[in-house]
Amino acid sequence: MPERRCVLTHQSAPTQGLVRLVLGPDETLVPDVAAKLPGRGVWISADGPLVREEIKKGRLIRAASRSLKTALKKDAVPQDLVDKIVGLLAKRCLDRLGLEQRAGNLVTGFDKIKAALAKKGTAEPALMVAATDGAADGRQKIRAAVGKHVPVVDLFDRDQLSAALGRENVVHVLLLKSGGTENFKADISRLAGLSVKEEPKARE
């Protein structure tokens, strides 16, 4: 896995845990969550509170200017940059669920998930996605069925999951291990980190 250095923390990390920002034609920084856009770019950690603070205090624009070796204009970094990245990552994750469903790497519904887990030859569980507005007792039951070693993600409500999968009332989704689900886990980790709202503690 290639590594890049975060311009805010100055620490190197795998690109799957970072977000690339590209200098667009209008000289503003544009999120490139797939890391495929052309042009010069910088990398930042998927840490919502950190990035929000660095934008607010003007540190991100200064760090990007140094990295890109150019004087960026004052409004080169949108104040809602984190929200834009969160929106792009959420869409990317939901689109990935649809792809994994078509590839046969996804099971929905409590009873179907239990049946899939009991069936011989079923791929190993990789991740559980639980609707944020699902019942607490249902989440406990599904957790007991899949095992405590399987991570559970709760970043989408049932309407979002239902729309992504073209089904009604989707509350529980089990992803089975595959190359695609590993990519999903990386994206969902970035989304979770950037969705955090709490302000970071003051630096010493």
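Predicted model: local features only at pLDDT ≥ 70, side-chain atom pairs only at ≥ 80, totals over all residues.
**Entry 1: cores**

A nonpolar core, as I use the term here, is a set of buried Ala, Val, Leu, Ile, Met, Phe, Trp, Tyr and Cys residues joined through side-chain atoms within 4.5 Å. Buried means under 20% relative accessible area, exposed means over 50%, and partly exposed is in between (1.4 Å probe, protein chains only). Residues are numbered from 1 along each chain as its sequence is written, and side-chain values use heavy atoms, with hydrogens and water left out.

I looked up the largest nonpolar core and got 48 residues. Leu21, Ile44, Leu60, Ile85 and Phe156 have the most contacts inside it. Helix α3 gives the most to this core, with nine residues. (Helices are DSSP runs of H or I with at least four residues, strands are E runs of at least two, and both are numbered from the N terminus.)

I then picked Leu60 and listed its contacts (heavy atoms within 4.5 Å). Leaving aside neighbours within four places in sequence, Leu60 touches Val7, Leu8, Leu21, Ile44, Glu54, Ile55, Val77 and Leu81. Another core lies apart from the largest one; it has nine residues, among them Val107, Ile113, Ala116 and Val150. General reminder: in soluble globular proteins, nonpolar side chains tend to be buried together.

**Entry 2**

Next I went to the sheets, counting two strands as paired if DSSP finds at least two bridges between them.

I checked β3 (residues 18–23) against β5 and found five bridges in the antiparallel sense. Val22 has Gly41 as its bridge partner in β5.

**Entry 2: the four-strand sheet**

The other sheet I looked up is open too, with four strands in the order β6-β9-β7-β8 and mixed pairing. Its edges are β6 (106–108) and β8 (152–153), each with a single partner strand, so one side of each is left without a neighbour in the sheet. Three bridges join β6 to β9 (residues 172–176), and the two run antiparallel. Thr108 stands opposite Val173 in β9.

Two helices turned up on this sheet. Helix α5 lies across β7, β8 and β9, at about 20 degrees to β9. Helix α7 (residues 179–195) also lies across β7, β8 and β9, at about 45 degrees to β7.

**Entry 3: salt bridges**

How many salt bridges does the structure hold? I got 13, taking a salt bridge as a side-chain nitrogen of Lys or Arg within 4 Å of a carboxyl oxygen of Asp or Glu.

One of them pairs Asp83 with Arg52, with the closest N and O atoms 3.2 Å apart. Asp83 sits in α3 (residues 81–102) and Arg52 in α1 (residues 48–56), so this pair ties together parts 31 residues apart in sequence. Asp83 is partly exposed at 40% relative accessibility, and Arg52 is partly exposed at 21%.

Glu54, already noted as a contact of Leu60, meets Arg59 in a salt bridge at 3.0 Å, N to O. Glu54 is buried at 3%, whereas Arg59 is partly exposed at 26%.

Arg158 and Asp133 form a salt bridge with closest N and O atoms 3.5 Å apart. This pair links distant parts of the chain, 25 residues apart: Arg158 is in α6 (residues 158–165), and Asp133 is in the loop between β7 (125–130) and α5 (136–146). Both ends are partly exposed, Arg158 at 23% and Asp133 at 39%. I also noted a network in which salt bridges with shared partners join Arg92, Asp187 and Arg190.

**Entry 4: cysteines**

The structure holds zero. Cys6 is in no disulfide, and the nearest cysteine sulfur, that of Cys93, is 20 Å away. Cys6 is buried at 0% relative accessible area, and Cys93 is buried at 1%.

Methods:
Disulfide = S-S within 2.5 Å. Axes fitted to C-alpha atoms, helices over the stretch in contact; angles between N-to-C directions.
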